[in-house]
Amino acid sequence: MKHLSYLTIGIFFGIIMYKSEAASWFRIYEMFQFGSFHMYGIIGSALVLGVIGVQVIKKYNIKAIGGREMNLHPKRKGVTNYLVGGIIFGLGWALAGACPGPMYVLAGAGYLSILIVIASAILGTFVYGVLKDKLPH
């Protein structure tokens, strides 16, 4: 039953992403050209809701599903790791026309060529996992 709730939430998220045009290549291209506020509004809203959600979790000590304790540790400060990671992420986003969430929405909407991008993202994640200990963090 728990997995059904995850599936329901995922489908709901996908519908919202698709209907809000957050998975639209045109909207993403428009954002990178600074042609519209549409995507910045969506990303900014998600950021604000995320910050509020984390603060509520910390304040009320909300438990994860199953009653486990959530471990919200501050990230290490640094510039290089975030700059390099952000550049790689941004280049992939610009080249593919989608970040990880909308990639699956586009696959579900029937754009099968996005499966190449999904496979590449999974491969990149695997390569990072193999090389993680050798990279400067």
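I'll start with charge. The protein carries 12 positive and 4 negative side chains, and the centres of these two sets are 9 Å apart. Keep in mind that this is a predicted model.

Now the overall layout. The protein has six helices and zero strands, so in sequence order the pattern reads α-α-α-α-α-α. Taken along the principal axes, the C-alpha atoms fill a box of roughly 40 × 40 × 30 Å.

Next, surface and burial. Of the 137 residues, 15% are buried.

Let me go to one residue, Glu 30. Glu 30 sits in helix 2, which covers residues 25-32. Is Glu 30 buried or exposed? Its relative accessible area is 15%, and the cut-off for buried is under 20%, so Glu 30 counts as buried. What does its side chain pair with? There is a polar contact of 2.9 Å between the side chains of Glu 30 and Arg 27. Leaving out residues up to four places away in sequence, Glu 30 touches Gly 35 and Ser 36.

Between helix 2 and helix 3 there is a loop, and Phe 34 is found in it. The phi of Phe 34 is positive, near 55°, and this residue is not a glycine. For background, most residues other than glycine have a negative phi. Phe 34 is also exposed, at a relative accessible area of 68%, whereas Glu 30 is buried at 15%.

On to helix 3, residues 38-60. How far does helix 3 reach from its first C-alpha to its last? The span is 33 Å over 23 residues, close to the 33 Å expected at 1.5 Å a residue.

Directly after helix 3 comes Asn 61. Asn 61 belongs to the loop that leads from helix 3 to helix 4, the latter being residues 80-96. Its phi is near 50°, again a positive value in a residue other than glycine. How accessible is Asn 61? Its relative accessible area is 42%, so Asn 61 falls in the partly exposed class, which lies between the 20% and 50% cut-offs.

Definitions and conventions: Residues are numbered from 1 along each chain as its sequence is written. This is a predicted model: local features need pLDDT of at least 70, side-chain atom pairs count only at pLDDT 80 or more; totals for chains, interfaces and linings use all residues. Side-chain values use heavy atoms; hydrogens and water are left out. Helices (H or I, at least four residues) and strands (E, at least two) are DSSP runs, numbered from the N terminus. Buried means under 20% relative accessible area, exposed over 50%, partly exposed in between (1.4 Å probe, protein chains only). Lys and Arg count as positive and Asp and Glu as negative; His and the chain ends are not counted. The place of a charge is taken as NZ of Lys, CZ of Arg, CG of Asp or CD of Glu. A polar contact is a pair of N or O atoms within 3.5 Å; within protein, one must be able to donate a hydrogen and the other to accept it, and residues adjacent in sequence count only if both atoms are side-chain atoms. Contact means heavy atoms within 4.5 Å. The expected span of a helix is 1.5 Å times one less than its number of residues.
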